[in-house]
Amino acid sequence: MTIGAPGDPPASFRLDDRLIVVTGASEGIGRAFAECFARAGAFVVLASRRKDKLESVRQAIVASGGRAEVVTTDVTRLDDIRRLADAVGRLAKEGDRRLVLVNNAGFGFTKAALDTSEAEWDVLFDTHVRGTFFCAQRIGAMMIASGYGKIVNLSSAWSDATDAGKSAYCAAKAAVSHLTAALSTEWAPLGVRVNALAPTATLTDFTAKVMASSPERAERVRSRIKLGRFAQPADLLGAAVFLASGASDFVTGQTLFVDGGFTT
């Protein structure tokens, strides 16, 4: 493995040859991913519902010497996914970059099974599962046409664990992990690697507020993490770069748990 300049990641982890689409890129984990990918050399396509927040991320990336484009996208709407794919197709023609999709769009959900409504179930699965599938379908088709691509789906430690109030969320994230494995079976012979990254509870602005509102539950979850603390977005970046880069070219169909020992 070739080592770059001091402070530079090993060459196989560089992303200079990548066009990386990040859904849910406006804040939290998605923003951390996008900014990290840009620092590692990728051209990043920023997608989420909030154009103003996306523009703030784009400006931060450009100010640091990176390149990024904004495509306002609601992954629960197929017309939006088609527009995103069209924009990605145009950008892919502008340079010789390998295509990566990071299906990060999603939200946390904790509610007793008896209290969960049909509407809440639908939006949870429309965002996490349906959105992931159709983004992968549309953008994966371009990867298949070129003979190479990477898809990284955001699963969760809850895909392999349970707790009171997590039944709907556990089901959605288990679906993401199994979808990951199923897509890898279809697309590995066509050059597309499909993997998932599964974090434990991660301290974003949103989750910090949720945990503050229910300290007893937060402590119960934290006590199950063997490393003794919640994750920070920075804890996920190494795994994300690995799965997006050439370093993981012989990895597909896997859910990589970055959970501090939560599920073991």
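Student: Which residues in the largest nonpolar core touch the most other members?

Tutor: The general idea is that in soluble globular proteins, nonpolar side chains tend to be buried together. In this predicted model, the largest nonpolar core has 33 residues, and those touching the most other members are Ile 20, Phe 33, Phe 37, Val 44, Leu 46, Val 102 and Leu 197.

Student: What does Val 102 touch, leaving aside residues up to four places away in sequence?

Tutor: Val 102 is in contact with Ile 20, Val 21, Val 22 and Thr 23, with Phe 33 and Phe 37, and with Val 152 and Leu 154. There is also a second, separate core of 26 residues, which includes Val 45, Ile 81, Leu 84 and Ala 87.

Student: Why is helix 8 described as largely enclosed by the rest of the structure?

Tutor: A residue is counted as buried when its relative accessible area is under 20%. Helix 8 is largely enclosed because 6 of its 8 residues are buried. The buried residues are Leu 237, Ala 239, Ala 240, Val 241, Leu 243 and Ala 244. Their cover includes helix 1 and strands 1, 4 and 5, together with strand 6 (192-199) and strand 7 (255-258).

Student: How many disulfides are there, and is Cys 135 buried or exposed?

Tutor: A disulfide is a covalent bond between the sulfur atoms of two cysteines. The count here is 0 disulfides. Cys 135 is buried, because its relative accessibility is 0%. Cys 36 also counts as buried, because its value is 11%.

Student: How many helices and strands does the protein have, and how compact is it for its length?

Tutor: The protein has 8 helices and 7 strands. Its radius of gyration is 18 Å, close to the 18 Å that the globule rule gives for 264 residues, so the protein is as compact as a globular protein of that length. The C-alpha trace spans about 50 × 45 × 40 Å along its principal axes.

Student: What percentage of the 264 residues is buried, and how far apart in sequence are residues in contact?

Tutor: Buried residues account for 49% of the 264. Of the contacts between residues at least 6 apart in sequence, 74% join residues at least 24 apart. The accessible surface comes to about 12,300 Å², and 54% of this belongs to carbon and sulfur atoms.

Methods: Residues are numbered from 1 along each chain as its sequence is written. This is a predicted model: local features need pLDDT of at least 70, side-chain atom pairs count only at pLDDT 80 or more; totals for chains, interfaces and linings use all residues. Side-chain values use heavy atoms; hydrogens and water are left out. A disulfide is a pair of cysteine sulfur atoms within 2.5 Å. Buried means under 20% relative accessible area, exposed over 50%, partly exposed in between (1.4 Å probe, protein chains only). A nonpolar core is a set of buried Ala, Val, Leu, Ile, Met, Phe, Trp, Tyr and Cys residues joined through side-chain atoms within 4.5 Å. Contact means heavy atoms within 4.5 Å. Helices (H or I, at least four residues) and strands (E, at least two) are DSSP runs, numbered from the N terminus. The radius of gyration is taken over C-alpha atoms; the globule rule is 2.2 Å times the number of residues to the power 0.38. Accessible areas come from the Shrake-Rupley method with a 1.4 Å probe; for residues, only the protein chains shown count as cover.
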